[in-house]
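Please read these notes with the model open beside you. Each point takes up one part of it.

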Amino acid sequence: MYYFGDPTIWLPFVFAGLMGASILIYVVLDGFDLGVGVLFPFANEDEKDRMIASIGPFWDANETWLVLAVGLLLVAFPSAHGAILTALYLPVAIMLIGLILRGVAFEFRAKAPAPHKRLWNNAFFTGSLMTSLSQGFMLGMYVMGLEWTWINVAFAMLTAVFLTVGYSFIGATWVIHKTSDALQIKAVEWAKGGIWGLVLGIGAISLATPFVSARIFDKWFSWPEAIYLSPLPILSALLVFWLWSMLRKMPYAGDRRSWQPFAAATALWVMAFGGMAYSFYPYVVPEQITIYEAASAPESLFIILIGTCVVLPTIMGYTVLSYVIFRGKATELRYD
Amino acid sequence: MELETLLLSRIQFAANISFHILFPTITIALGWVLLFFKLRYNRTGEERWMEAYRFWVKIFALSFAMGVVSGITMSFQFGTNWPGFMEKVGNIAGPLLAYEIMTAFFLEAVFLGIMLFGFSRVPNWVHTLATFLVAFGTMMSAFWIIVLNSWMHTPQGFEMIDGVAHATDWSAIIFNPSMPYRFTHMVLASFLTVSFLIAGVSAFRWLIGGRTEGVRVAMKTAIIAAAVLIPVQILVGDFHGLNTKEYQPAKVAAMEGNWETDTGVPLILFAIPDEEARENRFEIGIPKLASFILTHDWNGEVKGLNDFVTEDGEVLHPRVSPVFWSFRVMVGTGLLMLLVSWSATYMIMRRKRGIEGLPKPMLYGLVGMSFSGWLATLAGWYTTEIGRQPWLVQGVMTTKEAVADVPAPLVLSTLIAYLVVYAALLFAYIFVIFYLARKTARGEDIGTRIAPSPAAAPKAMPAE
């Protein structure tokens, strides 16, 4: 425990890193399958089946990253977990009901009698939409410091829409990668329509964060930090430009580069997330509780860390394995 | 703290966790049953085992999804409604929950995809391995959460520093006194629930004409498993009760409806406990039997509820009626399970008649018992959880200390939303199980999950 210096310093830092990593993995992975759900109304019946098939083997594990993220918040920073979740009581409840609806709709739409399928398709869409909107809302409230004022709620409603469009964008890039023919062409259009949501969302949060807190403003706009940080916005802008020029020409002959929009979208997500993490560090509840104040006892964190070092690489390993097994274009999902 | 918020938060948590536990109760054991079907198939190459596998893996997938989504709700509820819990005992509960997520949730979730959709994509042994890992994952998940739950009943291996629990001995925390009993009791409950579910749904399929080899083999496996496990469960339940008597005597007193500490205490079969007057009305009991069961001595001393009221009148025992009644529902259901499974086994074994030996009333009875495991499991959990009140962690913190100061109307409105969703889903779940049963009984294929795209296969099957 004392190998790396004071455990009350490095353990909270490591756990903040782990939690950040799970949130990031979650928003990318569940982001794309939530996005597929949000795009549901724009697809016809056959396309819906193929869209479901493209996320069917993955969604459950994708959602587990949310459980890990909130679990790490719970176990590593218990007082922050309480403070954040009681402040976000209502959006959390809406998100949970959304997650319930879409999660079970996966199974029910495939098993219920044909006339009920429409109902479950609607449940899948509604659930995905509720989840995306409430997550965007929570993001906005978090950025604004978790205070329920009119201006904050208005901002949070804006981020709710942006995150939802952002999810549908990354969902569309996933569909581009996993499908072909007419649906793929459709997905390219969806992606072209959705990219603005991502850009506006990242822009809104990047602009709002420094103005909410002078501390964050100083972190970004003081010399020489501004220089060290400049690659972040520049690279993001380049990525957006690259994505746009690529999407305009898609699909390429022989399905070349079909994975690249998804990869570029993921890279954008990582940039945006990195920027946010830099802004808020060392706070876990914005401007109120730092990760060092909220952290659990070192001996408890240490015993979790031992397990994490063994288990997390294993999880990564078999997650990759499952993506490899179900690689390629989505085909019908068969139990046998 | 408003009283309404506490009560509503308790109801909300109870609603969420009651809904949630229905599905793990099925998946914990059904995973192993599926592995059994798969291994029999690998061994014998007989199609009937695979037929049983293919039907029940769908119920598994459905139950698993229900369990996952309702479980996510649980992980948020700690923070939204019970922040005091993690603030006080987070150092103990945290690592246990973290291990559950890391060693169980990901394992189940990832290999479930391969188990459900990978049969034609991976070698057979990988598919069997995936089935094993999913079953193992559900078991691990049950293990960790039962460790935490048991620790809340019989906390050990910690010290309090400035009002916060700190772990001192992890093996004492994990192997706390009630854990082995509770874990065994729950796993057996799961196997019994699944046995009666398989027997009931198979009997239903048999009755409506789906008399395939797969139905036959599933029903026989389930009935015999139930008959073997129910006496074991009754025995384990007894041991669990003795353990509770040692560590949580107030709970046992409430289960027995016993107000006064006494020797030669009767076993009360029926009574209406009166919390105000602190006595039972309309009591019917068997003399001295409670003493005998709890102390294995006809004149043994059994503690009564009145011992758990402090001198200034604070009541440190649970409300009696819910504990008293849910205990009786559990035991009654268990005894009915014993009766039904043993008679059904006798009918099957008699002159080796197999499933044909089961008369119609028995088949109807089995259908009626399809969800008896749920009833017994819920009643058992109510007994133990309400029985722990007013404590959240026995002797360490009360439930009242942990609740969040959320406005009562907010708790109420979300509670109503959850209840509506849960009621609808429960209805849909049971409906779809019997729909799939009817569909297979008509000989229709339920193997295809999603209709093939017209391009891939011109003769598209009707979408399910």
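1. A crossing of two helices is left-handed if the near helix is turned anticlockwise from the far one by less than a right angle, and right-handed if clockwise. Helices (H or I, at least four residues) and strands (E, at least two) are DSSP runs, numbered from the N terminus. By these terms α6(A) passes α7(A) in a right-handed crossing.

2. This is a predicted model, in which local features need pLDDT of at least 70, side-chain atom pairs count only at pLDDT 80 or more, and totals for chains, interfaces and linings use all residues. Residues are numbered from 1 along each chain as its sequence is written, while chains are lettered from A and ligands numbered from 1 in the order in which they are written.

3. Helix α6 (residues 117-143) and helix α7 (residues 150-178), both of chain A, cross at roughly 135°, and their axes come within 7 Å. Axes are lines fitted to C-alpha atoms, for helices over the stretch in contact, and angles run from 0 to 180 degrees between N-to-C directions.

4. In chain B, helix α2 (residues 47-81) packs against helix α3 (residues 83-117) at about 155°, with the axes 11 Å apart. α2(B) is therefore roughly antiparallel to α3(B). Here the crossing is left-handed. Among the residues that meet are B:F64 and B:F78 of α2(B) and B:F85 and B:M86 of α3(B); two residues are in contact if their C-beta atoms, placed from the backbone, lie within 7 Å.

5. How many residues does each chain give to the contact? Chain A gives 66 and chain B gives 70. On the side of chain A that touches chain B, α5(A) supplies the largest share, 15 residues.

6. Strands β4 (residues 267-274) and β5 (residues 279-286) of chain B run antiparallel and are joined by six bridges; two strands pair if DSSP finds at least two bridges between them. B:F270 has B:I284 in β5(B) as its bridge partner. The hairpin has four residues between the strands, and B:R278 in this hairpin takes a positive phi near 55°.

7. Helix α10 (residues 320-349) of chain B has 30 residues and reaches 43 Å from first C-alpha to last, close to the expected 44 Å. The expected span is 1.5 Å times one less than the number of residues. Just after α10(B), B:R351 has a positive phi of about 45°.

Methods:
Angles under 35 degrees count as roughly parallel, over 145 as roughly antiparallel, 65 to 115 as roughly perpendicular and the rest as oblique.
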